[in-house]
Each structure stands twice: as structure tokens, then as C-alpha cells.
2 protein chains.
Amino acid sequence: MRCDVVAVGTELLLGQIVDTNSSWIGEQLALSGIDSLRQTKVGDNLDRIVGELRDALARADAVIVCGGLGPTQDDITRDAIAEVMGVALVRDHDLEDRIRSMFGSRGRFMPDNNLRQADVPEGASILDDMPGTAPGLRCPVATPDGEKVIYAVPGVPWEMQQMLTGSILPDLRRRSGDTSVIRSRVVRTWGQSESGLAEMLAAYHDELEETGRCTLAFLASGIEGLKVRLTAKAATAEEADALLADEVRTVCGVLGDYVFSVDDESVEEVVVRLLHEQGLTIGAAESVTGGLITARLTDVPGASAVVRGGVVSYASDVKFSVLGVPEGPVVTEEAAMAMARGACEVLGCDAAVSTTGVAGPDPMEGLPPGTVWLGTCVDGEAAAVTVRLPGDRDRVRQFATISVLNLLRQQLERRAR
Amino acid sequence: MRCDVVAVGTELLLGQIVDTNSSWIGEQLALSGIDSLRQTKVGDNLDRIVGELRDALARADAVIVCGGLGPTQDDITRDAIAEVMGVALVRDHDLEDRIRSMFGSRGRFMPDNNLRQADVPEGASILDDMPGTAPGLRCPVATPDGEKVIYAVPGVPWEMQQMLTGSILPDLRRRSGDTSVIRSRVVRTWGQSESGLAEMLAAYHDELEETGRCTLAFLASGIEGLKVRLTAKAATAEEADALLADEVRTVCGVLGDYVFSVDDESVEEVVVRLLHEQGLTIGAAESVTGGLITARLTDVPGASAVVRGGVVSYASDVKFSVLGVPEGPVVTEEAAMAMARGACEVLGCDAAVSTTGVAGPDPMEGLPPGTVWLGTCVDGEAAAVTVRLPGDRDRVRQFATISVLNLLRQQLERRAR
């Protein structure tokens, strides 16, 4: 089964908007075992959209066209599809009512233009998922190679995404004759390299290759951690989910303490959750990270119950005067521990993290860029470790942030045992 | 002149990397007055790359192909171009020497694979700009419609960008017979809406339309401000630059204090520069922004000379105990001023900014989300203003950050007069 993607919009060609939709669709298709071998961007021009759709249909079994379904005059994807199908646009009165009632329920006045969105190519059907006012369309097209299909979705990402996962992917998989279900889970890790994780999972990986139970992929995702993705196929969603639950358990068992969460939870969300569970509050004393840690912690919904605040002691003497760090060199184990202790005291919190190091590009206190001390303090006990982080200034700051939050996560988990 | 873009890489189709290169290239082409009507992504497959290039050449006068120029076996863009040109790949010995010496000068061992990058289609020439080890190529192709051209550039953004601006755009414009030069400048503003700016510039805009001296565009760019872009065409770069210098002066004159910089300088860079010029140090007292302001200030190169640090007083009683804010409601003018004054005192700095407000989603102290007080303190004088910011939690935090930095920028500029 091959499904290509056409993104419509002059603003995409002009670089005013980056086309992230096609990337997301490509990833979802791959996870569903559907090939997407070509993705195209084209402007709001009828002839060129028609040409692209014909081109794509000649090569692929199905085409997803994204964008150009809105109510304005330059939204002409509907017209292009009708031309490719060789049919007229007809007003769908159920759809018209639905659009009218959507506006009514939000108490908003509906410009008549919006009814353009109720015009659909004759023979097309409306996708069940319709989170906004733009309907998604399933448009059968007779071709010399048999019946193919064009799916039209709006360019608004969350509308497009709901239509893709809810309606289009199941439909494509049905058309491909594949009635099985593909699901995936993500194990999030920190503290080990991609090759290190691969080595730890080598025997497991070989076993998977042999049995074909599921597939394994590594995805480096910056401050979101290094992800291990497990994908499985089964006759039903329940079966796939049960199978994956076992595999996730196995992977977590092998990777142990490197795993900070499964699926969507970020490391700062894990930390805020653990603190909440243990009835602790937190603060941060930041130097090299300059406020990033506190910014991430305060971005977690519900942070106000556990996050007291932070002290960014960028200048050395702010470390001395505000946090009570003993005067002397500041990129040291002692300074990192004293900063974490100082944060607990000044901010009145039960736990704290601290960072002090060299973001670069220049060395500091004789230490090369990337040298960072990470400190923690929980229940009055301070500790610190040093790491040598790769990359430029920005990456050093980002990696220091996830590294110290992960360190505290490990301590909080040990504390709960 | 029409130039289409082909991005090569299976990882782009799988959604592992978002194709931002094509968007950037599209924007640059548009600024140079060259149409880019179609942009395609294709995987690392010889037949499909050849097919895409032929397709693109049939429609456009020139094609930029991006990616697949590296040293590994799946880097096959060179091979695809040779096939389209109907020629063989030949080893370019000058290029071979250049690649060897690049590795030599960095003291690195060169794997033999890297010499693949010295193989070029017969008849192609190497672009002058070559910031990395992958050369860019200019490949003439005879077609039924006359000679066209394929430019090949690496997928590494900064390498691609240097080749595009340094070699390809001038070449394309020469080929189009357009010997004029197109340049643009950006005036960055904050504090006025897009329609507000348009209104202020309405008479000027009409005059530009009449005379055709240059064109005007508004670009909302989040925390980077609201940009006004001026683009002009002239016989020489010097002439275009001189013309734009006048226009920039005019626009700055009309928009006055809303303008925080011209071209690349961010608002935090302006603030750090002004502080440096005036011999002042800075600190921040943050609540709703949770550390974002300090993180941005400390991200400016050279920040350590002026940025002392910050206090993130997320919990109300940290405002009271650390910053000396009088107990009581904290989303108030008094609290914002007391926080800024407190930051100056605690951090030992000459100037400070502060934020306190409601990020949402829930109201606080009876105030709706988006209500923010922005405070400043310079030379011991505190001041505060309130704003009602639109958008979700993240946007409120981002907008509060740029708003308060812009406020301080205005005060520092007045102070210098």
C-alpha cells in the first residue's frame, strides 16, 4: 500500500509556514506499515493542484491532500479534487446544518462564506471525525489501474491529526486488506548513549528479530530524552496493547534506572509528580542553565503546588551572597552542593537541584566548555556529580537541565522505595 | 524565472526530521523575485530521485536539490544527477585535495569514504562557497527547452544556506537576465498590533505602492517581535543598501518607540548592549515567566559582564521572604515594583525587571488569565504597567518576557538621551 502526500498552500512555498503536517503524516503512515514515497508542496493554484493530484494518483494507491479546505476564495482543494474526479461540487445539506449549528453553539455569527465548506465533490463522503468546521473528505477516483482514493484534510494540525488517526489510517489499512492493528509505545531514557542502549538491548533485539513479535527503534529527542519505540501488530487493539505492555516491561527491566518515563511524560513532569506524591516542595539554584530548569518546572500544569521558585546565581558573588556558597572557585563539587543546600534554605523548600559549569565557547576556571557539576539536595542531604556534555552553548544548557532533573528523579524514586 | 526544490532523504518522509530547508530556500527565492511553485520530498532511492529531477526540470528553469551529498552509500544525489545529465561521475582531484586538507587541518583521520564527495558528474562545476566537506554543485542539463540547471547542496542547514546566498541566488539572477540586486532589511517592533502598525504606515505604504521604490511586509514572529520587512531592487548592492537605509530611517521615524532593533538583534541582545554601554548590571524577579527572562538574558553572548542573575519567586511567600514584597495580593502594581526593587537589592544589580501575573488556565486573585504586571527598576526608581496578553499559558509567558524586556529597553534609551 502506497500513500503519497500533497500539502497545499502558497505560504508553505514562500517559507512563511514550515510544513510540519507532511512530516507528521509520514511518520504515522510508516507506523501503520504504509509506504509514503513522495511528498509535495504546491501553491493555491487550481491547475497545479490538479496536476499534483493526478501525478500522485498515477504513482500511489492513495493520496492525502492537506490544506486549502477553508472558507475563503483561495481555498480551492475541493474544486481541484472535483476536477480530478470529473464531477461537480454539490452542496451537502447535512453538512450545511452541522456547520450552522457549530457556529450557533459557540454563539458566533457565521459569515456566508463558511457554507463553501459544505460543497463536496459528487460521490465523495465526509470523514466521521470533524473536530472543526472544515470537513475531511474521502474521494474515490476511477483510474486506469482501478479505484484509488484521495483523502482531503484541513491544514490545521490538530484537526488534521484527529482525522488521520480516527478515520484515514483505519480506512487505508482496511483498503490494504490488512485488518490487523498497529500500535506503539515509547520508553523514555536518559544517561546512556544510543549505542549504549542498543548494546544493553542487543540480546532482546535479536530475539525480536527472530520472533517478529514487535520492532524496536531509537529516537534521540534532545531535552525530551532518548526514546526507545516499540511497535507491534496484532489482530485487535486489545491484543496489540497487551503484547506491548509485556514488551515495555521487559525493556524497562533491562534498562533499569535509565528509564524515566513511558509514553508522554517529560522528565520535569515526572519530577513534579514524584514530589507531589511524596509531599515535597522544590527549588533550583542555577548558574550555567540560567533559569531553564525553573522555566521547565513552572511550565508543568499544577507546578504551583510543589515549585517554590529558583535563584539564578549567574555572577559568582550572587552564589556567595544569596546562596551562601563559600568563596572560591565555583565550578566544583562543593559549590554545586552548597548551591543546592542554599536553594533549600533561601526558598524554603524540601528538595533542590543546582547547576554550575562552563557553557562555552570559552573555558572557565581552567575547565573546558561542557564541564558541568550537577547538584541535588533532598532531606538536607546534598550530593553532586560532574558530567562532560557535548555540543554548543545551547545544547550544554539543555543537556544540563535534563541531566540534573533526571538525577533528582532517580533519588526521589529510591527515596520512595 | 522558476526554480523548484527537491529535498532528498528517507528520514524526511518518515517524519524523523522536518524539512525546514525547503521552506528557507522558498523564502530566499521569493525575496530574490524567483518563483518556486513546487517543492518535493523524496527518499534515498536512485530511480525516484532521477524521476523527481526530470519532472522538476520539465516544469522549471532550474532545480535546487538538497541532501544526499554526504560520504555514505545512501548518499546518491550525485549519481542521480549524473544519470539525468547522461554523463559519468569523475573524480575531481582539486576537490580531493581540498577534502584531504580540511581533515588534515582539523587533525582528524579521514575515512576513505569521504572521497566519494570528490566524485562529480562530468561537466558539473563546484560552487565557490564550500563551508563543510560536502561540495555544492552547479550541473548544466541539456533539455528540449534549452539548457537548464540543477544545483545540488548538502542537507546541513548552515552549509546549504551559505551556498544558496553566496553562489546560487546570484547565479540564478544572472541566468534570469536580471542583473539588478534585491536586498531586504527588517525593522523589529513590539507593543503595537499588526493592524496598528499598518495603520501608522498607511500613508507611507501608499507612497511606496505609487513609486514602487520598495515593498513592505509584516511578519508576526512571537518572542522575536513583530517584524516589518522592507525589500528593494536596484542596479547594484550599494544602491539597494543606500535606498533601504533611507527607508529604514523613515519607517523607524514613523514607528518611533515601538522599534527595538533593526535586522538581527533580539530584544534581549539590545537590553544587554544598552546595559553594557551604560555600565549597568541587571537582574530579574520572575513569577509568571518562571525563569524565561533570565534564561534569555543569560543566552546572550557576553551576558556574564552585565547579568547578575535572577530570583524566580513562584510561591507568594518567596516574594515576601526573599524579595521583600509586602504581604498581600501579588498580582498588583505594588508587588511588581517591590519585586523589581527587591531584585536590585538581593542580586546587587543596578537595573531589574519583574513579572507577576496569571498564566492560566485558571483565574488568580479574581483576575483572568493573561493579566500581567510588568515591573522595572533603574537607578532605584521602580515602575510598573499592566497588560492583558492573549493566548494560552505558553504564549502569555513568552509575551510577558518580550514585553518587560522591551519596557526596560525604552527606559534605558530614554536614560541615555
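Reader: How far apart are the centres of domain 1 and domain 2 of chain A?
Author: The centres of domain 1 of chain A and domain 2 of chain A are 34 Å apart, taken over C-alpha atoms. Keep in mind that this is a predicted model.

Reader: Where do the domains of chain A run?
Author: Domain 1 covers 3–175, domain 2 covers 181–262 and domain 3 covers 267–416.

Reader: What share of the contacts in chain A comes from residues 24 or more positions apart?
Author: That share is 66%, counting contacts in chain A with a separation of 6 or more.

Reader: On to the interface. How many residues of chain A are in contact with chain B?
Author: 43 residues of chain A contact 43 residues of chain B. Elements of chain A that each supply at least two residues to that side include α2 (20–31), β2 (38–42), α11 (292–298) and α13 (333–347). β14 (307–313) and α12 (316–323) of chain A do too.

Reader: Which element gives the largest share?
Author: β14(A), with seven residues.

Reader: What does β14(A) pair with in chain B?
Author: Strand β14 (residues 307–313) of chain B. The two strands pair in the antiparallel sense, over five bridges. As an example, A:S313 has B:G309 as its bridge partner in β14(B).

Reader: What rotation superposes chain A on chain B?
Author: A rotation of 180°, with 0.4 Å of shift along its axis. The RMSD is 0.5 Å. The two copies are thus related as by a two-fold rotation axis. The same surface serves both copies, as 100% of the contact residues of chain A recur in chain B.

Reader: Switching to chain B. Is β15 (residues 351–357) of chain B buried or exposed?
Author: Buried. Seven of the seven residues of β15(B) are buried, so the strand is largely enclosed by the rest of the structure. Both faces of β15(B) are covered. One side has B:A351, B:V353, B:T355 and B:G357. The other has B:A352, B:S354 and B:T356.

Reader: Which strands are joined to β15(B)?
Author: Strand β13 (residues 282–286) of chain B runs parallel to β15(B), with five bridges joining them. There, B:A284 has B:V353 as its bridge partner. Strand β16 (residues 371–378) of chain B runs antiparallel to β15(B), with seven bridges. In that pairing, B:T356 stands opposite B:W373.

Reader: And B:V50, where is it found?
Author: In helix α3 (residues 46–59) of chain B. B:V50 counts as partly exposed because it has 18 C-beta neighbours inside 10 Å; buried would take 20 or more.

Reader: What does B:V50 touch beyond four places away in sequence?
Author: B:A80, B:E83 and B:V84. B:V50 and B:V84 are 34 residues apart in sequence, but 6.3 Å apart in space, C-alpha to C-alpha.

Reader: Last one, back in chain A. Which residues of helix α4 (residues 77–85) are buried?
Author: A:T77, A:R78, A:A80, A:I81, A:A82 and A:V84. Just after α4(A), A:G86 takes a positive phi of about 75°.

Key. Residues numbered from 1 in each chain as written. Chains lettered and ligands numbered in written order. Predicted model: local features only at pLDDT ≥ 70, side-chain atom pairs only at ≥ 80, totals over all residues. Buried ≥ 20, exposed ≤ 12 C-beta atoms within 10 Å, placed from the backbone. Helix = DSSP H or I, 4+ residues; strand = E, 2+ residues; numbered from the N terminus. Contact = placed C-beta atoms within 7 Å. Pairing = 2+ DSSP bridges. Least-squares fit on C-alpha atoms with pLDDT ≥ 70 in both. Domains from an automatic or database assignment.
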